Amino acid sequence: MPTWVQLVNLLCAVCFILALKGLSGPKTARAGNLLGAGAAVVAVVLPFIYLDLKHVPLIVAAIAVGSIGGVVGAQKVQMTQMPQMVALFNGVGGGAAALVALVELHEMVPHADAVSWFVLAATAFTIAVGAVSFAGSIVTFAKLQELMTSRPVIFPGLPIVFGASGVAAVVLGVLTVTQPAVWIGIALALLGLLVGVLLVLPVGGADVPIVISLLNAFTGLTVAAGGYVLSNVVLLVAGTLVGASGTYLTLLMAKAMGRSVANILFGALKGGSTLGAGEASDRPVRSAGPEDVAILLGYADRVIIVPGYGLAVAQAQHTLRELVDVLVARGTRVDYAIHPVAGRMPGHMNVLLAEAQVPYEQLVEMDDINSEFKHTDVVLVVGANDVVNPAAKTTPGAPIYGMPILDADEAKQIVFMKRSMRPGFAGIENELLFDPKTTLLFGDAKDSLGKLLNAVKAL
Amino acid sequence: MDEAVVWLTIFILSVFVGIEVISKVSSTLHTPLMSGANAIHGIILLGAVLVTGSTDNDVALVVGLVAIVLAAVNMVGGFVVTDRMLQMFVRKKPKPAATPTEGGNA
């Protein structure tokens, strides 16, 4: 490799570091992302210049097909579906890494004696973990897209099958090193797929975002290992950066939900969540029409909105913003209380409300707003459930126990806008719905908010 | 220095850098950060190009081309979708006042 190529590679690696740095600050995030994209393009174009690559037309065509697919997917996806999109992109990346390592293994086999055992081990790692990441991400995607149940899927003997597959994968990994052969690599990839599926099946819907983040870190590490196998510093550095920051981000997210990663992955296997009955209860609740709720809101001094995923699903962010504008014009103080995991992914709700052009200052994070609920006249919960469920504090054994929640129960009045009595994403009932202070406004969030808006305007 | 140790050194240092650069991220940016990091590992596209461009075996060529397509989806789609998300964060900054303008009942 010519020296100038190595130097350009180094430059690309530095750009990836700066890109991640940029992405972690609100003002620099977009520039950081573009810098990363630029570095990636330069790094991919380089080998076409300094190497005499074979099959160039086919390679270029394949890049074009993938790029068009990626752009179309990225442009079309709704902001509400962002988590599954990230899962899908992550999965195909992991799959690509596994395939690259398989091809590389095939090239290595004829002269395997000259290859160091460490390179073979890295190859085996890339094949196995890349396949885990691919299969795990696809299951995650299916769960979030509701192609399958988002509840934990457990069957008797799952831990045994999981453990056995894990051990078998390690054995095959060792075999890859001692007597390299392509069929062993293929078997390893298939086992990796099985492990990936088994890893994600028992994870409940609300925890899926954490798993996406973890699989993201996995893919990063496979890319790093692939970089070592191919002796390419860009892959090594970029993959390691994503692996390390992804792991750290996973821990941060788990902390925000009051969970440990081990508990998220394996909690369901211990047979813990008996409360996840997931059935609608027929206990009495107090429901009201839009006009009644309009009076509550219209004459309140202090209102806090708790937005949830249901708001986004109904595409009601814009109507909600209009309602808030009218209330603010009437002299009511209104804020949005943003739970760290509101939506389906940490920070997801901020993206969704930003899309509806809600002013940044009205979005208040949980720690800053929790002390204000007791001075609040009305809390309006729109399409949220688990993030205000007091079971997180009061019911040990509930799947969300220990998760920090918004203290909506301390407000003077609580209004829930819900489609039905169905439980939230975590699949548990919310005691707050049956609280005497609580009023329910049933219906589609967008429809109800529209009626509510008209009723408030008419006051 | 043993060449493997050089690689190990780069790896270990990158781990620390990776943790350090994102250690102060606010939860607001978790989603775009995850998505951006996701796009960065799409650089496996480079690896896919390298192995595909040097193979003579037809099966390996096909597998390599599949890897290229997948990796390109990851890399290009990842950066585009992250940019779409971040556009929304940037846009509302210039308008701090309550402005009941367009939007609404779409």
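**Entry 1: where the chains meet**

I started with the contact between the two chains of this predicted model. I found 81 residues of chain B in contact with 104 residues of chain A. On the chain B side, helix H1 (3-22), helix H2 (30-40), helix H3 (44-52) and H4 each supply at least two residues. I then asked which helix gives the most to that side. It is H4(B), with 29 residues. Next I sorted the touching residues of chain B by class and got 51 nonpolar, 25 polar and 5 charged.

**Entry 2: the UniProt record for chain B**

I looked up chain B in UniProt, where an unreviewed entry places the feature "transmembrane region" at residues 6-23, 35-53 and 59-82. I checked two of these spans against the model. Residues 6-23 of chain B are 94% helix and 0% strand, and their end C-alpha atoms lie 26 Å apart. Residues 35-53 of chain B come out at 79% helix and 0% strand, with 29 Å between the end C-alpha atoms.

**Entry 3: the largest nonpolar core**

I went on to the largest nonpolar core, which has 196 residues. Which members touch the most others? I noted Phe16(A), Val306(A), Val381(A), Ile43(B) and Ile68(B). Helix H4 (residues 58-91) of chain B gives the most to this core, namely 18 residues. Domain 1 (77-270) and domain 2 (290-457) of chain A both contribute residues, so the core lies between them.

Leaving out residues up to four places away in sequence, I listed what Ile43(B) touches: from chain A, Ala40(A), Ala43(A), Val223(A), Val234(A), Leu235(A) and Ala238(A), and from chain B, Met75(B).

**Entry 4: the two domains of chain A**

Chain A is divided into domain 1 (77-270) and domain 2 (290-457). I wanted to know how far apart their C-alpha centres lie. The answer is 37 Å. The contact between these domains takes 16 residues from domain 1 and 20 residues from domain 2. On the domain 1 side, helix H4 (82-108) and helix H9 (233-256) of chain A each supply at least two residues. By class, I counted 9 nonpolar, 5 polar and 2 charged residues on that side of domain 1.

**Entry 5: strands of chain A**

I followed its pairings next. S1(A) runs parallel to strand S2 (residues 333-338) of chain A, and 4 bridges join them. Within this pairing, Val303(A) has Val334(A) as its bridge partner in S2(A), and Ile304(A) stands opposite Asp335(A). S1(A) is also joined by 5 bridges to strand S4 (residues 378-382) of chain A, again in parallel. Here I was pleased to meet two names from the core entry: the bridge partner of Val306(A) in S4(A) is Val381(A), and both are listed among the core members that touch the most others.

I ended with S2(A), which pairs in the parallel sense with strand S3 (residues 363-365) of chain A over 3 bridges. In that pairing I noted Ile338(A) opposite Glu365(A) in S3(A).

Terms used:
Residues numbered from 1 in each chain as written. Chains lettered and ligands numbered in written order. Predicted model: local features only at pLDDT ≥ 70, side-chain atom pairs only at ≥ 80, totals over all residues. Core = buried A, V, L, I, M, F, W, Y, C linked by C-beta atoms within 7 Å. Buried ≥ 20, exposed ≤ 12 C-beta atoms within 10 Å, placed from the backbone. Domains from an automatic or database assignment. Contact = placed C-beta atoms within 7 Å. Nonpolar A, V, L, I, M, F, W, Y, C, P; charged D, E, K, R; others polar. Pairing = 2+ DSSP bridges. UniProt positions renumbered as here; feature names shortened; annotations may be inferred.
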